[in-house]
Amino acid sequence: MGLPEIWFGVIVAAWVLFFVLEGFDFGVGMIAGLARRPLHERDAAVRTIAPTWDGNEVWLVGAIGLMFAIFPEWYASVLSSLYLPMVLILLALAARGVALEFRGKYHGEGEERWKSRCDTVMALASLLVVALWGAVVAVLARGLAINQEGEVVGSSWTRSIDPLLTWQAAAGAAGGVLTALLVGALFLSLRTTGPLRNWARGLAFRVGGVVTAGALVAAALTTEPVVALIAVPALLATVAAHLGREGLAFTGGALTIALATVLGLAWHAPTLLPSTLDPAWSVTMDGAITSDFSLGVISWAALFIMPAVLIYQAFSYWVFRRRITSERVVTA
């Protein structure tokens, strides 16, 4: 195994970390805004992700930055053809961040209405982000219409929209929303006490059953038995949630997202991005790799930067590890 294969594994790992860590962030965001829970329970839900949500997004920057630095042709093909969903994702991420930050900035008359509006924005933005990411990963697994010159064919609009108008993209969007809801509910049951904890556990059990069935249906539609493997951790999360084994259930939910991400990005390895026109025109590791000098410089820098980021993030979760109470506090 050479540096191209190692770096491809690192990039996939960065995407896995982003989708797992932000997956429950997005799930909690959808639940806080769309579930009709009392305000004090929505406050508790938001407090579970408030200290760490922005730190989780560092893996999005890392994954895209590494794609650009290590495999610039892969980066150019993906970003130039799917720029419309990427722009929508960035706008939704910005709206979600503003809603999260502004939610606790207003106090006084009308505070509950202000928080409800922020929760609605946060939920809709989270929903849009996970649906688009699910569709994009499905499109990358299916491939793009890359021609002999290495360019995606079509006009500026059709190159970006046509790949999303497929059943695979629709299935990916539905899968993204459901798995985010699953890990979001599992995270709430793991991090809260009281009524929200019990309610989230029940939600995780119901959504987990749908995710398990959906993985089996996807395996049948794609005629790829390996897709059915996604159902295994999803079933583990479902059963563990029902039994009240919250740590095991969350592990199952995280593995569901991790496995789906690995399958979506590494399905055709060593091909990075298959061409739907001719397999010979696909983007491959050997064809897309950067120069040896750049590869060496980036490898040395990563030896120091990536462990530091991992240690800092682990420390952050350790500091904020205690459960958040969701019971109503009565003041005299």
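Biologist: At what angle do helix α11 and helix α12 pack, and how far apart are their axes?
Modeller: In this predicted model, helix α11 covers residues 231-243 and helix α12 covers residues 246-266. They pack at an angle of about 160 degrees, and their axes are 7 Å apart. Because angles over 145 degrees count as roughly antiparallel, α11 is roughly antiparallel to α12.

Biologist: Is the crossing left-handed or right-handed?
Modeller: The crossing in which α11 passes α12 is left-handed.

Biologist: Which residues make that contact?
Modeller: From α11, the contact uses Pro233, Ala234, Leu236, Ala237, Ala240 and Ala241. From α12, Leu248, Ala249, Gly252, Gly253, Leu255, Thr256 and Leu259 take part.

Biologist: How many of them are nonpolar, polar or charged?
Modeller: The contact of α11 with α12 has 10 nonpolar and 3 polar residues, and no charged residues.

Biologist: Let us take Thr256 of α12. Is Thr256 buried or exposed?
Modeller: Thr256 lies in helix α12 and has a relative accessibility of 1%. Buried means under 20%, so Thr256 counts as buried.

Biologist: What is Thr256 in contact with, leaving aside neighbours within four places in sequence?
Modeller: With those neighbours left aside, Thr256 is in contact with Thr179, Val211, Ile230, Pro233 and Ala234.

Biologist: Now a change of topic. How many aromatic pairs does a search of the whole structure find?
Modeller: The search finds 12 aromatic pairs. One of them is formed by Trp15 and Trp133. This pair is edge-to-face, with 5.3 Å from centre to centre and 65 degrees between the planes.

Biologist: Where do Trp15 and Trp133 lie?
Modeller: Trp15 lies in helix α1, residues 3-34, while Trp133 lies in helix α7, residues 111-142. The pair therefore ties together parts that are 118 residues apart in sequence. Both Trp15 and Trp133 are buried.

Biologist: And what sort of aromatic pair do Phe18 and Trp133 form?
Modeller: Phe18 and Trp133 form an edge-to-face pair, 6.0 Å centre to centre, with 70 degrees between the planes. The pair links distant parts of the chain, since Phe18 is in helix α1 and Trp133 in helix α7, 115 residues apart. Phe18 is buried, as is Trp133.

Biologist: Which residues do ring pairs link into a cluster?
Modeller: The cluster linked by ring pairs consists of Trp15, Phe18, Phe19 and Trp133.

Biologist: What about Ala169: where is it, and is it buried or exposed?
Modeller: Ala169 is placed in helix α9, residues 167-191. At 2% relative accessibility, Ala169 counts as buried. Not counting residues up to four places away in sequence, Ala169 touches Ala135, Ala138, Val139, Pro163 and Leu164.

Biologist: Finally, Tyr317. Where does Tyr317 lie?
Modeller: Tyr317 lies in helix α14, residues 292-319. Its relative accessibility is 23%, so Tyr317 counts as partly exposed.

Biologist: How far apart are Tyr317 and Pro51, in sequence and in space?
Modeller: Tyr317 and Pro51 are 266 residues apart in sequence and 8.8 Å apart in space, C-alpha to C-alpha.

Biologist: What is Tyr317 in contact with, leaving aside its neighbours within four places in sequence?
Modeller: With those neighbours left aside, Tyr317 is in contact with Leu21, Phe24, Thr52 and Asn56.

Methods
Residues numbered from 1 in each chain as written. Predicted model: local features only at pLDDT ≥ 70, side-chain atom pairs only at ≥ 80, totals over all residues. Heavy atoms only, no water. Axes fitted to C-alpha atoms, helices over the stretch in contact; angles between N-to-C directions. Helix = DSSP H or I, 4+ residues; strand = E, 2+ residues; numbered from the N terminus. Parallel < 35°, antiparallel > 145°, perpendicular 65-115°, else oblique. Left-handed = near helix turned anticlockwise from the far one by under 90°. Contact = heavy atoms within 4.5 Å. Nonpolar A, V, L, I, M, F, W, Y, C, P; charged D, E, K, R; others polar. Buried < 20%, exposed > 50% of the residue type's maximum accessible area, 1.4 Å probe, protein only. Phe/Tyr/Trp six-rings, centres within 6.5 Å; stacked < 30°, edge-to-face > 60°.
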